[in-house]
Amino acid sequence: MQGFEKYYRKTWSQRLDILTQQNKLSEKQVEQLKQNAVTPVLGEAQIENFLTQFQLPEGLALNFVIDGKEYLIPMVIEEPSVIAGASHGAAIVKKTGGFHTKSSRRAMRGQVVLENVTDLVATKKKIEEQETELMQAAVDAHPSIVKRGGGPLALKVRILEQGLLSVDLIIDTKEAMGANMINSMLEAVADKLRTTGHHDVLMAILSNYTTECLVTASCQIPVANLAKNGLPGLKIAQKLAQASRVAQVDPYRAATHNKGIMNGIDAAVIASGNDWRAIEAAAHAYAARDGQYRGLSTWKVAGDQLEGELSLPVPVGSVGGSIGIVPLVQVNSALRSEKDALGLEKIIASVGLAQNLAALYALVTDGIQKGHMNLQMKSLAVSVGAKEDEIEQVVSVLQKLPQQDQAIAQHVLDEIRN
Ligand code: NDP
């Protein structure tokens, strides 16, 4: 686009000036971008063509007892009711001991994909015989992780389909998610395969399907504790289990079931400074692990208990990427006060299960809208221009009306102002 040539080479203020020079924004709008850039030096260190820092609200989820310890969980999200839902789900579980978690050994996976492989079986065997040499190449590419007690753990070769082979490296990245160190190690392995084996390397990159980094959160709730609106707890527990079954058999429902889980997980992950796209990718790939996309959590009634379980890969780090450089991430870590990346994984899985419990409980009792509407009405009031002192007035009028939409909210605001 004209005027934006070599935009990435301009300074921050030059980039902002171009926006007015090219009539893309007014002076006032550019001033807004400037005001929102609280730490421009940090922003420029994080991304390219930096303009400003886009804000999302952060709130605190309460009532989380996980493996016997109570946690405060900061969550960053723009959607109303998510933090309330997580806190509500956690409060139900807290009454009977809280969440229990278990995890696999934390390891990540990267792959070097070979193409034009003529004899797949023979090549697989040959590369497997080179395991020690290839693992050493990986170590040499990032020796500091070995000093930290991590490094490559295993090499696995998978035949993908005709002509294609994946050489997978399983790596212990210790406290880091490890994308960058994995990619450096994989490129070294790829070089070795190219030079010593004359293999045709298509690409070398970590896999976000982190099946070696699984965590499970579970809980048990006496069905009697779920009684509501005159409905017996057992009936509600059975409906909840039925809702969980639907998410196992119907991908249309499973996607929404999992979106609800990820509402909480993404919010907790963003607050932790981790890469939430990586967590999303891992979760949805895992949800389709047997070939059909299914709900990530399951609920069943066992005697007088409702039992819930959520298993998913949670490849987060406590160091690396934005974690060490964004000051709020450090504040959030102090709030959560977990010990390490594994502790964070367990918190995140518990948040997902609490969120899921709250959503299913609402769905099989009052429906999802009742709880949503209060904050939704606040958003509606703000969207039509209500000022701080007008929001509550607009909301209280809206609450009494049979329907609420933008036109109605605008009308209510106009009436208040006249
Ligand atoms: P970094 O590149 O920041 O690496 C982690 C750093 O932490 C290392 O340099 C390591 O130092 C240091 N470190 C300090 N203490 C420890 C410890 N106890 N254990 C392990 N490392 C420690 O981050 P990652 O490699 O974790 O990569 C994450 C970033 O990569 C994210 O920002 C993500 O968005 C991005 N990314 C994601 C991709 C994907 O998901 N597909 C692809 C590419 C990038 P030392 O080197 O001295 O050992």
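Student: Which strand is T101 found in?
Tutor: Strands here are DSSP runs of E with at least two residues, helices are runs of H or I with at least four, and both are numbered from the N terminus. By that naming, T101 is found in strand β3.

Student: Before we go on, what sort of model is this?
Tutor: Residues are numbered from 1 along each chain as its sequence is written, and side-chain values use heavy atoms, with hydrogens and water left out. Local features need pLDDT of at least 70, side-chain atom pairs count only at pLDDT 80 or more, and totals for chains, interfaces and linings use all residues, as this is a predicted model.

Student: Is T101 buried or exposed?
Tutor: Buried means under 20% relative accessible area, exposed means over 50%, and partly exposed is in between, using a 1.4 Å probe and protein chains only. T101 has 16% relative accessibility, so T101 counts as buried.

Student: Which side chain does T101 join in a polar contact?
Tutor: A polar contact is a pair of N or O atoms within 3.5 Å; within protein, one must be able to donate a hydrogen and the other to accept it, and residues adjacent in sequence count only if both atoms are side-chain atoms. The contact here spans 2.5 Å, and the partner of T101 is D67.

Student: Why does the F64 and F99 pair count as stacked?
Tutor: A pair of aromatic rings is described by the distance of the centres and the angle of the planes. Rings of Phe, Tyr and Trp (its six-membered ring) pair if their centres lie within 6.5 Å; planes under 30 degrees apart are stacked, over 60 edge-to-face, and the rest tilted. The F64 and F99 centres are 5.8 Å apart with planes at 20°, so the pair is stacked.

Student: How many residues apart in sequence are the parts tied together by F64 and F99?
Tutor: F64 is buried at 0% relative accessibility, and F99 is buried at 1%. F64 lies in strand β1 and F99 in the loop between α4 and β3, so the pair ties together parts whose separation in sequence is 35 residues.

Student: Which ring does the charged end of R277 sit over?
Tutor: A charge sits over a ring if NZ of Lys or CZ of Arg is within 6 Å of the ring centre and within 35 degrees of the ring normal. K228 does this over the face of Y361, at 5.3 Å from the ring centre. For R277, at 4.5 Å from the ring centre, the ring is that of W276.

Student: Is H198 buried or exposed?
Tutor: H198 lies in the loop between α8 and β7, and has a positive phi of about 55° although it is not a glycine. Its relative accessible area is 67%, so H198 is exposed.
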